[in-house]
Amino acid sequence: MRRIFITGATGFIGGRLAEVACQRNISVVGLVRTWSHAARLSRLPVQMMHGDVLDPDSLHEAMIGCDEVFHCAVDNRIGGDAHHRVSVEGTANVMQAALDLGVKRVIHLSSVAVYSYRPDPHTMTEEGGYRYSGDVYCDGKIDSEKVALLYCQEHALPVTVLRPTIVYGPFGDYTVDTLALIRQGRMVLVDGGRGVCNGLYVDNLVEAMLLAALSEQAVGKVFHISDASPIAWKEFIEAHAQAIGDSYLPLREMTTQEIVAARAQMSNHPISSLEQTLRLIRDSRARRALRSVPAVERAVGVGKTVARFVLPASARRRLRQSLLRSSSDVQIAKQAESPRPLSQSEEFMITAFDKVVFRIEKARRVLGYDPKIDFAEGMKRTTAWIKWAQLQGGMNT
Amino acid sequence: MAKKEETNKPRVRLAILGCGAATELCHLPGAKLAAEIEIAALVDKNMARAQYLGKRFGVDRWTDDYRQLPVDVDGVVNALPHHLHAPVTIEFLKQGMPVLVEKPMALNLREAETMVRAASVGGVALQVGLMYRFCNGACIVKRALDEGWLGGLRSFTVEWGFVYDWPVASGFFFSKEQAGGGVLIDLGSHVLDLLLWWLGDVVDVEYWDDSLGGVEADCKLSLVLKGQTEPINGTVVLSRLRNLKNRARIVGDRFTIDCDISAPTSVRMWPTGSDAEDPAFMLNSVSLQRQSLDDVYAGQLRAFGRTIAAGGKSAVPGECVLGSVALIDRCYRERKTLEMPWMRLEGKVDQV
């Protein structure tokens, strides 16, 4: 029986891979770093092994007896050196354990972020070069990919690298973060939303991963994985807005210059330290960066636990609502007139790779990749999940 | 938070077995508020963990062997992993030692019945840690129902769920063998106990969950309960994957009552048919004494201490919980797969 090992098994992509693999009677071992994140994975007949990509012994023990390794782990909750360490040192540990144990295939999940969020406009094949941008996620993807390919070149470890595009779908961060911006009234269509969105429904990616692990020709190669055809960012964002209610439409349109100017104008208005703090709390990427500081991460954990026990749920909801939506009555009024402009990271999120089409011919040719779920079907499934998860309104995220 | 009240009465000395999250976040903070209770020892196979909690909460004895408790202990709180609830509790009951066992009382009805028999044979107190029974909110709902405030009962709904992040220290929670199941036996032990306490025995049930071979993280029950005078229908939804409303609502002919499941004092009541959110229609008659969850746990420990000190019936005795344990057993036995609409659309069957 085919037996696979998944790092990042409690996450969005690794979790869906585990579901599909179980459905196909593939035996799955999932690496679990934090038990409290294992609820989704625990529904499956998987062997959950406690460990960490930064702990080589735990990796080695968990990987014993596995034929294939799918390395999906990344820690988006943290930033800076800690993020980079998980990406690079973690990847090296995974590759070394796979090498030591004679694993037959390793699929390293990279990203088209290796070209930065703003690659030069053109149609991109896998031969496009790395581009460091200073972004911790993008640069971490470059360095981890280099480590994986080095193990292939120098140690003959049979590694295949996949570079997925904008992965969306049930339980996905991209979906949840997009919905959050829409609900906060801060979502805009940048430059009319005409830019290219290289969307990728998560099930298409999982299909590519499972195919890649069986393709002898794929060893040592790198593949773009995207849906069959790209869409416009307007289509992606409006479909998410529709999923939570037509009342969120139409969305405002702003040019990049207008967003930059709005940010500058906001920064010219002195704001209180409380407001600064609240802005940080509201910005999901800033939250991740903040939580890279171990003391902050611990404090957040303690705070959440204490809040759950001390505050009634209704009070917690109100507190969260007020933290996320406003800091004062004045601020509410200000926001009603002019919502807080997108931060740079939020702007990148909804315009990423918008001048580029990532070609998938190589994956089609070598892997037999044939993305069957188009955007309409992908959003139909995603919308069904959004409704089930009660993400339409309120502050349920 | 209330301060521990001074008392001259001799304190009941308890040992806590298991130093996981429930002991750290629930029992020990509760014990600090209960003047009648002294935690005499902490037990955990991880001695460092027991020692750490001991130092934090002023408990100066710890051990890694529950059979080596100090001789002056009056009773034990069994907060071990679920699969150890029944065997360890029975062992203590047979020695004549009173036990407050965390929920779920046992992995199944057979175990629970054995525990009740052991308590009965030895005449020893067996209390189950269903602490919501000590919440003012849950008690006022019970009173409203018993005294007929709502009129004839029409229906009930319960939703309780949050994206799971309980700081579990080990993976037992996600093992069918060690935890007995998933969200149903976890949150459901509380919810179903409350519903049966409020609305009577089970008449019928239909149950769905999302287990694909592991433990369920989301489930739904369609329940018929005996009610005060006639059967009442309702639904229960529990989840570890989504943030739900976390409310129990019972609709009567005259009034509707709504209780925040996870908050001890949040209860609202309004005339059925009027706008629940309109304060003009709200009744303030349900004024509850302020109570934190630490207070609730303190209340649970006090009740256990009183039973030990004065004898008599436990506040939540094992036999009272057998109904909800049997219901959970039946749900697992008769389970159907919950529809996961994002995985099954237009004939595309993606489920296991």
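**Note on a predicted two-chain model**

1. In helix 16 of chain A, the buried residues are A:Phe375, A:Gly378, A:Met379, A:Arg381, A:Thr382, A:Thr383, A:Trp385 and A:Ile386; a residue counts as buried if 20 or more other C-beta atoms lie within 10 Å of its own, as exposed if 12 or fewer do, and as partly exposed in between, with C-beta atoms placed from the backbone. Helices (H or I, at least four residues) and strands (E, at least two) are DSSP runs numbered from the N terminus. Helix 16 covers residues 375-388 of chain A, and its 14 residues, at 1.5 Å a residue, should span 20 Å, which agrees with the 20 Å between its end C-alpha atoms; the expected span is 1.5 Å times one less than the number of residues. After this helix comes A:Gln390, with a positive phi near 55°.

2. On provenance, this is a predicted model, in which local features need pLDDT of at least 70 and side-chain atom pairs count only at pLDDT 80 or more, while totals for chains, interfaces and linings use all residues. Residues are numbered from 1 along each chain as its sequence is written, and chains are lettered from A and ligands numbered from 1 in the order in which they are written.

3. Chain B is divided into domain 1 (12-132 + 296-317) and domain 2 (133-289 + 327-337), with bounds that come from an automatic or database domain assignment. The centres of these two domains of chain B, taken over C-alpha atoms, are separated by 26 Å. Their contact takes 17 residues from domain 1 of chain B and 20 residues from domain 2 of chain B, two residues being in contact if their C-beta atoms, placed from the backbone, lie within 7 Å. On the domain 1 side of chain B, helix 8 (residues 293-310) gives the most, with three residues. By class, that side of domain 1 of chain B has 10 nonpolar, six polar and one charged residues; Ala, Val, Leu, Ile, Met, Phe, Trp, Tyr, Cys and Pro count as nonpolar, Asp, Glu, Lys and Arg as charged, and the others, Gly among them, as polar.

4. Between the chains, 36 residues of chain B are in contact with 34 residues of chain A. The chain B side of this contact divides into 18 nonpolar, 11 polar and seven charged residues.

5. Chain B has an open sheet of six strands in the order 3-2-1-4-5-6, with parallel pairing; two strands pair if DSSP finds at least two bridges between them. Strand 3 (62-63) and strand 6 (126-129) of chain B stand at the edges with a single partner strand each, so one side of each is left without a neighbour in the sheet. Strand 3 of chain B pairs with strand 2 (residues 37-43) in the parallel sense over two bridges, and B:Leu42 stands opposite B:Trp62 of strand 3. Helix 2 (residues 47-57) of chain B packs on the sheet, where it touches strand 2 and strand 3 of chain B, and its direction makes about 160° with that of strand 2; axes are lines fitted to C-alpha atoms, for helices over the stretch in contact, and angles run from 0 to 180 degrees between N-to-C directions.

6. Strand 1 (residues 12-17) of chain B is mostly covered, with five of its six residues buried. Strand 1 of chain B pairs with strand 2 of chain B in the parallel sense over six bridges, and in this region B:Val12 stands opposite B:Ile37 of strand 2.

7. A:Met187 lies in the loop between helix 5 (173-183) and strand 9 (188-190) of chain A, and A:Met187 is buried, with 24 other C-beta atoms within 10 Å. Leaving aside neighbours within four places in sequence, A:Met187 is in contact with A:Leu181, A:Ile182, A:Ile237 and A:Leu251.

8. Some backbone values deserve a check. Most residues other than glycine have a negative phi, and most peptide bonds are trans. The bond from A:Leu249 to A:Pro250 is cis, with omega near -5°, and A:Pro250 is in the loop between helix 7 (233-244) and strand 14 (252-254) of chain A. The bond from B:Lys103 to B:Pro104 is cis, with omega near -10°. A:Ala156, not a glycine, has a positive phi of about 55° and is exposed, with 11 other C-beta atoms within 10 Å. A:Phe353 likewise has a positive phi of about 55°, but A:Phe353 is buried, with 25 other C-beta atoms within 10 Å.
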